Amino acid sequence: MRKKLIAANWKMHKTAEQARAFISAFLPEVREHTRDEIVLCPPFTAIHAVAEALGDSGIGTGGQDLFWEQKGAYTGAISAQMLCAAGCSHVLVGHSERRQYFGETDDTVNRKLKAALHGGLKPILCVGEVIQEREAGRTKEVLRRQCSIAFREVSSDQAISLIVAYEPIWAIGTGRTATPELAGEAHYTIRAEAAGAFGKGVAEQMRILYGGSVKPENATLLMSHPDIDGALVGGASLEPKSFTAIVKY
Ligand code: PGA
């Protein structure tokens, strides 16, 4: 059985102070919750505050992005080592908003994924198709391409700490959700690609999350699908009440 992972992606929301206020309300609600793993991904400037406030609660802290070099003249960039030192255990890699607004390509996603693994972080690799690709029947092809390039030069040993999030872009922040069946099909494709790259054993252990308008109202339905191993939650993770409801689906 794969333990489900529920991750909050706060995107460009919350100062350190606002993040602390969230945790004061959220932590007492989930202290006893051991069924699922929980990770919060704040913006860089709140990482330290979040990691400190979470303390030994068992809840992980994740970065939302990283650069692939370890150090150097790269103004504005943050390395895996810096994320670890600030208290991160996880990092999002290749989120569709990074691909859309910041020019990330399958190749840069691969570099970042390798840097995260090399730096001891657990990457949450985001993949997913745009609506035109889905309507043209190209979803599988897109997922296969995104995964196969992201997985390049990653060993089976390293892949043990890899998490994938399937996020159909047409479902992100739109209120439209993939049905559990559609997500399940996509997860099957991703797992098959992982099996090809890392072997069946590693692929069977790999958590594949669903992301895209996950809300308290649809979490139970999505999470009860056997191939959906958790959720990456944007909008509904910003309020302690709605994120608690999702965690406790
Ligand atoms: P959403 O975002 O839950 O607001 O759709 C999900 C994501 O982008 O990770």
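Student: Is R176 buried, exposed or partly exposed?
Tutor: This is a predicted model. R176 lies in the loop between β6 and α9. Buried means under 20% relative accessible area, and exposed means over 50%. R176 has a relative accessible area of 46%, so R176 is partly exposed.

Student: Is T139 buried or exposed?
Tutor: T139 lies in helix α7, residues 139-150. Its relative accessibility is 9%. The cut-off for buried is under 20%, so T139 counts as buried.

Student: What does T139 touch, not counting residues up to four places away in sequence?
Tutor: Set aside the residues up to four places away in sequence. Contact needs heavy atoms within 4.5 Å. T139 then touches E129, E133, R134 and Y166.

Student: In what order do the strands close into a barrel?
Tutor: There are 8 strands in the barrel, and the pairing is parallel. The twist averages 25° from one strand to the next. The order is β1-β2-β3-β4-β5-β6-β7-β8.

Student: Which residue in β4 stands opposite G63?
Tutor: Strand β3 covers residues 60-63, and strand β4 covers residues 90-93. The two run parallel, joined by 2 bridges. Opposite G63 stands V91.

Student: What is the bridge partner of V93 in β5?
Tutor: β4 and β5 run parallel. They are joined by 4 bridges. In β5, V93 has the bridge partner L125.

Student: Which residue in β6 stands opposite C126?
Tutor: β5 is mostly covered, with 5 of its 6 residues buried. β5 and β6 run parallel and are joined by 4 bridges. The β6 residue opposite C126 is A165.

Student: What angle does the direction of α9 make with that of β7?
Tutor: Helix α9, residues 180-198, packs on the sheet. It touches β5, β6 and β7. The angle between the directions of α9 and β7 is about 140°.

Student: Why are α1 and α2 described as they are, and what is the term for their directions?
Tutor: Two packed helices are described by the angle between their axes and the distance between the axes. The axes of α1 and α2 come within 9 Å and cross at roughly 25°. Angles under 35 degrees count as roughly parallel. The helices are therefore roughly parallel.

Student: How many nonpolar, polar and charged residues are in the contact of α1 with α2?
Tutor: α1 passes α2 in a right-handed crossing. From α1 come A16, A19, R20, I23 and L27, which meet T45, A46, A49, V50, A53 and L54 in α2. By class, the contact has 9 nonpolar, 1 polar and 1 charged residues.

Student: Which residues of α12 are buried?
Tutor: Helix α12 spans residues 240-247 and is mostly covered. Of its 8 residues, 6 are buried. What covers them includes β1, α1, β2, α11 and β8. The buried residues are P240, S242, F243, T244, I246 and V247.

Key: Residues numbered from 1 in each chain as written. Predicted model: local features only at pLDDT ≥ 70, side-chain atom pairs only at ≥ 80, totals over all residues. Heavy atoms only, no water. Axes fitted to C-alpha atoms, helices over the stretch in contact; angles between N-to-C directions. Parallel < 35°, antiparallel > 145°, perpendicular 65-115°, else oblique. Left-handed = near helix turned anticlockwise from the far one by under 90°. Nonpolar A, V, L, I, M, F, W, Y, C, P; charged D, E, K, R; others polar. Buried < 20%, exposed > 50% of the residue type's maximum accessible area, 1.4 Å probe, protein only. Pairing = 2+ DSSP bridges.
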